[in-house]
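Please look over the structure shown below with its open spaces in mind. The report that follows takes up its pockets and the residues that line them.

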Amino acid sequence: MVTRAVVKGVGHYLPERVVENAEFEKTLDTSDEWIRSRSGIERRHFAAPDETTSDLATHAARAALKDAGMSADELDAVILATSTPDLTFPSCATMVQAALGMKRGFAFDLQAVCAGFIYALATANAMIISGQARRILVIGAETFSRILDWSDRSTCVLFGDGAGALILEAAEAPGEKTDRGILAVDLNSDGQYRDILYADGGVSTGKSGHVRMQGNQVFRHAIEKLAATAEAALAKAGLRDEDVDWIVPHQANIRIIRGTAKKMKHSMDQVVVTVQDHGNTSAASIPLALSVGKARGQIRPGDLLVTEAIGGGLTWGAVVLRW
Ligand code: UT7
């Protein structure tokens with residue numbers, strides 16, 4: 001027998017304010033047609049002025065706890081992936097811990113930009129397998145609207161705010177491909193590409209900065225690397241493309257999502273797509289897609305999922321899990 005990290009609950013939260021592409025036409029030399037055709041994005045949610053990343057995360061966490069039928073004091077840990085924390089420190093994870101009234105266990109943030117949720121799942125999985133924790137709340141939460149340059153049409157139309165959360169619990173299993181839970185992980189980074197996607201601020205500058213991206217270069221890396229990492233994770237699990245029921249990709253661009261599905265020889269009927277409604281929510285995009293995919297009735301117990309993402313760093317990776 002082996003220990004697996006099994007999904008017990010999922011939930012998400014989107015801020016109330018919805019911004020349609022057409023709103024950007026008022027202030028920028030852009031169009032709904034350009035944004036839709038180049039990215040697949042139609043609208044996105046933006047946080048209210050007094051709403052922080054930890055607020056969004058807490059709402060998503062409560063929804064995941066409800067879905068799992070668990071209370072916060074049953075959790076051993078909170079791992080929160082974000083690149084837009086409320087403050088430089090303490091972590092958003094400790095803020096969520098306090099908001100949930102969780103007085104035991106441990107909580108920390110993890111930063112791998114758009115690949116953050118993949119890294120967080122990998123970390124939670126390793127902690128569950130090694131026996132450090134039995135129940136972990138894994139959150140992806142972002143308020144990218146706070147770090148957008150509203151005069152830069154090449155970035156500000158692409159991102160949105162939101163949060164998603166998953167609860168993983170240790171379960172004994174036979175150690176086979178048919179087990180439920182996380183079956184394999186593939187993580188990568190290459191810091192030589194740090195200049196093609198970054199925020200031009202931080203502690204060394206005294207400002208939190210704005211997103212800067214050479215979109216077409218990131219696009220090329222995404223097309224090359226996402227199917228490769230998904231297939232590497234599948235191979236580690238002893239599985240192949242045709243075993244996959246659902247691809248749950250990072251939601252940055254519909255053309256990247258389609259290109260990756262095509263490389264993996266899957267039709268778009270087997271891909272969970274939310275990019276049209278959320279835009280790119282960075283570390284929140286995958287847990288949002290998992291939660292929405294489940295609510296739509298797409299993702300069902302026993303389904304084999306492969307989830308993949310790429311983000312600033314570059315960082316990229318994939319997780320294979322049976323729901
Ligand atoms: O989540 C982290 C990972 N991030 C991503 O995966 C994003 C990856 N990149 C992309 O999604 C795409 O590269 C974009 C959607 C950002 C851009 O699409 P593209 O097909 O790569 O376009 P491009 O950057 O090559 O730009 C084409 C043209 C340029 O004009 P010129 O130089 O050809 O005259 C841009 O100035 O589109 C122009 N452009 C715009 N036009 C209207 C850039 N942004 C806009 C805009 N509205 N908002």
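How do the residues of the lining of the second largest pocket divide into nonpolar, polar and charged? They divide into 14 nonpolar, nine polar and two charged, where Ala, Val, Leu, Ile, Met, Phe, Trp, Tyr, Cys and Pro count as nonpolar, Asp, Glu, Lys and Arg as charged, and the others, Gly among them, as polar.

## Basis of the model

This is a predicted model, in which local features need pLDDT of at least 70 and side-chain atom pairs count only at pLDDT 80 or more, while totals for chains, interfaces and linings use all residues. Residues are numbered from 1 along each chain as its sequence is written, and side-chain values use heavy atoms, with hydrogens and water left out.

## The second largest pocket

This pocket (an open set of points on a 1 Å grid over the protein atoms alone, where a 1.4 Å probe fits, with protein on both sides within 12 Å along at least five of seven lines) is lined by 25 residues, a lining residue having an atom within 4 Å of a point. Nearest its centre lie L158, M213, G215, F219 and N253. Two or more lining residues come from each of α2 (32–39), α7 (215–236), α8 (254–263) and β12 (304–311), and α7 gives the largest share, six residues; helices (H or I, at least four residues) and strands (E, at least two) are DSSP runs numbered from the N terminus.

## The largest pocket

The lining of the largest pocket comprises 15 nonpolar, 15 polar and five charged residues. Among the elements, β9 (197–199) gives the most to this lining, with three residues, and β5 (106–110) supplies at least two.
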